[in-house]
Amino acid sequence: MGGHICPWWFAYTFDNRLRYFFHNPEKILAPYVARGMTVLDVGCGMGFFSIGLARLVGDTGCVIAADVQTKMLAVMQNRSEKAGVADIIRPHKSEPDNLGVKTPVDFILAFWMVHEVPGPQRFYEQIVQCLKPEGKLLIAEPRFHVSANRFQQIVALAETSGLSVYGTPTIKLSRSAVFNNDSF
Ligand SMILES: C[S@@+](CC[C@H](N)C(=O)[O-])C[C@H]1O[C@@H](n2cnc3c(N)ncnc32)[C@H](O)[C@@H]1O
């Protein structure tokens with residue numbers, strides 16, 4: 001697992017206006033995110049989901065938008081300013097093997113990013129450390145890139161790290177699972 005990181009310029013091929021035909025961030029995330037929550041968008045890229053998360057948590061909540069690429073964070077900030085939600089989103093530069101988020105969060109989104117993580121075991125350890133006991137993690141992986149078998153491995157590894165499958169929502173072009181934090 002892990003390897004090639006999506007270059008910032010490649011993100012424009014899928015993160016554009018057309019994407020709203022496939023992914024409606026607020027509709028996908030509303031079952032797990034409520035007003036006032038603190039949430040983490042890990043591997044936020046250009047912020048397609050960070051902006052949707054900010055609208056759901058509102059001005060009493062907070063979105064930590066984490067990525068290893070400063071260019072992604074810069075585009076995310078620019079887009080969140082244009083969307084009028086920049087005050088709700090806290091950009092966070094992480095390292096490939098060090099998430100570095102210490103704030104306890106109610107919900108974590110990892111959208112189309114886990115297959116890029118070099119050390120998924122360590123990644124999950126850090127995820128459960130900042131996820132509150134009642135918190136949930138949503139992992140979605142791109143179908144065209146991650147096979148059913150590989151996704152099963154991703155789920156199995158999460159389960160050995162103190163996470164348990166809560167549901168398998170249908171998300172277009174994706175394989176996905178929502179997890180509870182059982183590590184407490
Ligand atoms: C394919 S993009 C998806 C971006 C965004 N989640 C979306 O759906 O539009 C994957 C992103 O994950 C980031 N990434 C890869 N490995 C990471 C890691 N270990 N920690 C944080 N971000 C990472 C990449 O820099 C890239 O921006």
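Predicted model: local features only at pLDDT ≥ 70, side-chain atom pairs only at ≥ 80, totals over all residues.

Mentor: Start with Trp112. Trp112 sits in the loop between strand 4 and helix 4. Its phi is near 55 degrees, a positive value in a residue other than glycine.

Pro142 lies in strand 5. Pro142 counts as partly exposed, because it has 16 C-beta neighbours inside 10 Å. Gly100 is 42 residues from Pro142 along the chain, and their C-alpha atoms are separated by 25 Å.

Leu173 belongs to the loop between strand 6 and strand 7. Its phi is positive too, about 65 degrees, although Leu173 is not a glycine. With 15 other C-beta atoms within 10 Å, Leu173 is partly exposed.

Strand 4 covers residues 105-111 and strand 5 covers residues 131-142. The two pair in the parallel sense over six bridges. Phe111 stands opposite Ala140 in strand 5. In general, strands of a sheet pair through backbone hydrogen bonds, either parallel or antiparallel.

Seven strands form an open sheet in the order 3-2-1-4-5-7-6, with mixed pairing. Its edges are strand 3 (89-93) and strand 6 (163-167), and each of these pairs on one side only. From one strand to the next, the twist averages 25 degrees.

Two helices that pack on this sheet deserve a look. Helix 3 (residues 70-82) touches strand 2 (62-67) and strand 3. The direction of helix 3 makes about 170 degrees with that of strand 3. Helix 4 (residues 120-130) touches strand 1 (38-42), strand 4, strand 5, strand 6 and strand 7 (174-181). The direction of helix 4 makes about 140 degrees with that of strand 5.

Helix 4 also has a helical partner. Helix 4 and helix 5 (residues 148-159) pack at an angle of about 50 degrees, with their axes 9 Å apart. That angle makes helix 4 oblique to helix 5. The crossing is right-handed. On the helix 4 side, the contact uses Pro120, Gln121 and Tyr124. On the helix 5 side, it uses Ile154, Leu157 and Ala158. By class, these residues are five nonpolar, one polar and no charged.

Now move along the sheet to strand 1 and strand 2. They pair in the parallel sense over five bridges. Val42 stands opposite Ala66 in strand 2. Strand 2 is mostly covered, with six of its six residues buried. In a regular strand the side chains alternate between the two faces of the sheet. Here, Cys62, Ile64 and Ala66 point one way from strand 2, while Val63, Ala65 and Asp67 point the other way. Both sets are buried.

Helix 2 (residues 48-57) is mostly covered as well, with nine of its ten residues buried. Among them are Phe48, Phe49, Leu53, Leu56 and Val57. What covers the buried residues of helix 2? The cover includes helix 1 (25-29), strand 1, strand 2, helix 3, strand 3 and strand 4. After helix 2 comes Gly58, whose phi is positive, near 70 degrees.

The axes of helix 2 and helix 3 come within 9 Å and cross at roughly 40 degrees. That makes helix 2 oblique to helix 3. Helix 2 passes helix 3 in a right-handed crossing. Ser50, Ile51 and Ala54 of helix 2 make the contact with Met76, Arg79 and Ser80 of helix 3. This contact divides into three nonpolar, two polar and one charged.

Return to the starting point. Pro142 itself is partly exposed, and so is Leu173.

Notes
Residues numbered from 1 in each chain as written. Pairing = 2+ DSSP bridges. Helix = DSSP H or I, 4+ residues; strand = E, 2+ residues; numbered from the N terminus. Axes fitted to C-alpha atoms, helices over the stretch in contact; angles between N-to-C directions. Contact = placed C-beta atoms within 7 Å. Buried ≥ 20, exposed ≤ 12 C-beta atoms within 10 Å, placed from the backbone. Parallel < 35°, antiparallel > 145°, perpendicular 65-115°, else oblique. Left-handed = near helix turned anticlockwise from the far one by under 90°. Nonpolar A, V, L, I, M, F, W, Y, C, P; charged D, E, K, R; others polar.
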